[in-house]
Amino acid sequence: MPPIPITPTLREVLRNAPAVAAHRPWPRVEVSGETWEHAISLLRSGHCTLLGLWGEKELVHMALHDAELDDWGILTLACQGNRFPAVGRLHAPAIRLERAIRDLVGLTPEGLPDARAWLDHGKWPLGRPLGEVDHATSAPSAYAFLPVTGEGLHQIPVGPVHAGIIEPGHFRFTANGETIVRLEARLGYVHKGIESLMVQLPIDRAGKLASRVSGDSTVAYALAFSRAIESALGQDIPLRAVWLRALMAELERLANHFGDIGAICNDAAFAMMHTQCGLLREYVLRAADTCFGHRLMMDRVVPGGVACDLADDGQQAIANVIEHVRAHFPELVELYDNTASLQDRTVGTGLLSPAQARQFGAGGYVGRASGRSFDARRTPGYPPYAELQFDVPVLEEGDVNARVWIRILEIGQSVSIIAQILERLPSGPIRNSPEAPSAANRREGVALVEGFRGDVLVWVRVGPDGNIERCHLRDPSWFQWPLLEAVIEGNIVADFPLCNKSFNCSYSGHDT
């Protein structure tokens, strides 16, 4: 049953509050403390989903979605004395976002149940870099992990340096024998200061930074940034560029899903699947290189369109990959599904309930494996996906196996989408030059794009000089990392790699 309506709804809040004129395509409205508190109640009751929460000097912004009425908007609160009512005191998904706001901007979320620093490890040369506070931070101190009490408990610290070439993150396990009682992650080791570096950059240079937030999602980030800029400036792009962007996005999705399926199986000691899926991933990356001159297609999606056209032999390269995937991937799926020792490790492991997925607004395969059907290509949607035939696979089981199967099913959908794009790819120009805003005018834009992990949010303000005044980039991992901690409880220590890889959260995307 849908939740009982709470009035005013998000739609009424957006309609009645003062709106920022030059903000597209969603409204951004300035609200009072009372309305901010009401928005928190909409989140707590499940009437709205939190899409993002970020700050700047003396202001805090909250992006919301009302799925029932399909309303989207951003609420802005002026922070008196650099303080604001904490969303996280009543809505847990906001807690880490608000800890980051305090670290980066210096705003204090009043009532936040967790007062520890998050991204700031005490080693930055500046404190609160986005809040124009230029004093050095205090000397780093030991991070106070949450206490766990009980008989027979022991702790297992892992990281931040791990075996293999992977990003840094620290995991603190508390276990009773082999059973995990609590997992707590410590992130922030790959904080790059991208949002601070973007301030006063020209649009093109800022776009290069955006595409490097998380290297495995470079197309998704570049697309979200470009669409936010184009919304802010009211700019259309050539039709061929729209379709080429979708082609790149689906190639990126294919490559990452193949890599993830193989890696999950490898963590269950099934190396053959890892090898075969790695080969399929390599074929996709080579095709991308043939088509666009870069294996990851970095810097190929730009504001105004795309930086390069499809190479002359690109269509044939992709057609060859599609043919190979259709011929060989079903055999790998059958092997996965009929290997009892593998199923024993993945079925019933790392259960994420549909209620948890809804509460945290979990996107991508994490949410869809637990009954949440959200896909930004459909809702709010962006071209050319309304003209393409595809399904959004959804399962209810919420375990590692379900997250593998969502990837399997999405591979089939992406192959179909790519084939449709190649059949219907229009001719014409591939880029329009970005138009600078009018003198003395600021423009703001927001975009939500479906990356392979889930929805990527980018909000941007362009100043009258045509440079970036403020840009916020939110990775889907912000809402998925806490859920990994939840699903691992009650599992054995040896199953953590399986659960972790089935989520495959981005360290770099989270830490920004």
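Trainee: How many salt bridges does the count come to?

Mentor: This is a predicted model. A pair is counted when a side-chain nitrogen of Lys or Arg lies within 4 Å of a carboxyl oxygen of Asp or Glu. By this rule the count is 30 salt bridges.

Trainee: Which residue forms a salt bridge with R99, and where does that residue lie?

Mentor: R99 sits in helix α3, residues 95-105. Its partner is 15 residues apart from it, in the loop between β7 (108-110) and β8 (153-158), so the pair links distant parts of the chain. The closest N and O atoms are 3.0 Å apart, and the partner is D114.

Trainee: Is R99 buried or exposed?

Mentor: Buried means under 20% relative accessible area. R99 has a relative accessible area of 2%. Because 2% is under that cut-off, R99 is buried.

Trainee: What is the relative accessibility of D114?

Mentor: D114 is the salt-bridge partner of R99. D114 also counts as buried, because its value is under 20%. That relative accessibility is 14%.

Trainee: How many residues apart in sequence are E184 and R116?

Mentor: E184 forms a salt bridge with R116, with 2.7 Å between the closest N and O atoms. E184 belongs to strand β10 (residues 179-186), while R116 is in the loop between β7 and β8. Both residues are buried. The pair therefore ties together parts of the chain whose separation in sequence is 68 residues.

Trainee: Which helix holds both E282 and R286?

Mentor: E282 and R286 form a salt bridge, the closest N and O atoms being 2.8 Å apart. The two residues are 4 residues apart, about one turn of the helix. R286 counts as exposed because its relative accessibility is 52%, over the 50% cut-off. The helix is α8, residues 271-292.

Trainee: How many residues of strand β9 are buried?

Mentor: Strand β9 covers residues 170-176 and is mostly covered. It runs antiparallel to β8, with 6 bridges between them, and P157 stands opposite R172 in β9. Of the 7 residues in β9, the number buried is 5.

Trainee: Which residue in the turn between β9 and β10 has a positive phi?

Mentor: β9 and β10 run antiparallel, joined by 7 bridges, and F173 stands opposite L183 in β10. The two strands form a hairpin with 2 residues between them. The residue with a positive phi, about 70°, is G177.

How values were computed:
Residues numbered from 1 in each chain as written. Predicted model: local features only at pLDDT ≥ 70, side-chain atom pairs only at ≥ 80, totals over all residues. Heavy atoms only, no water. Buried < 20%, exposed > 50% of the residue type's maximum accessible area, 1.4 Å probe, protein only. Pairing = 2+ DSSP bridges.
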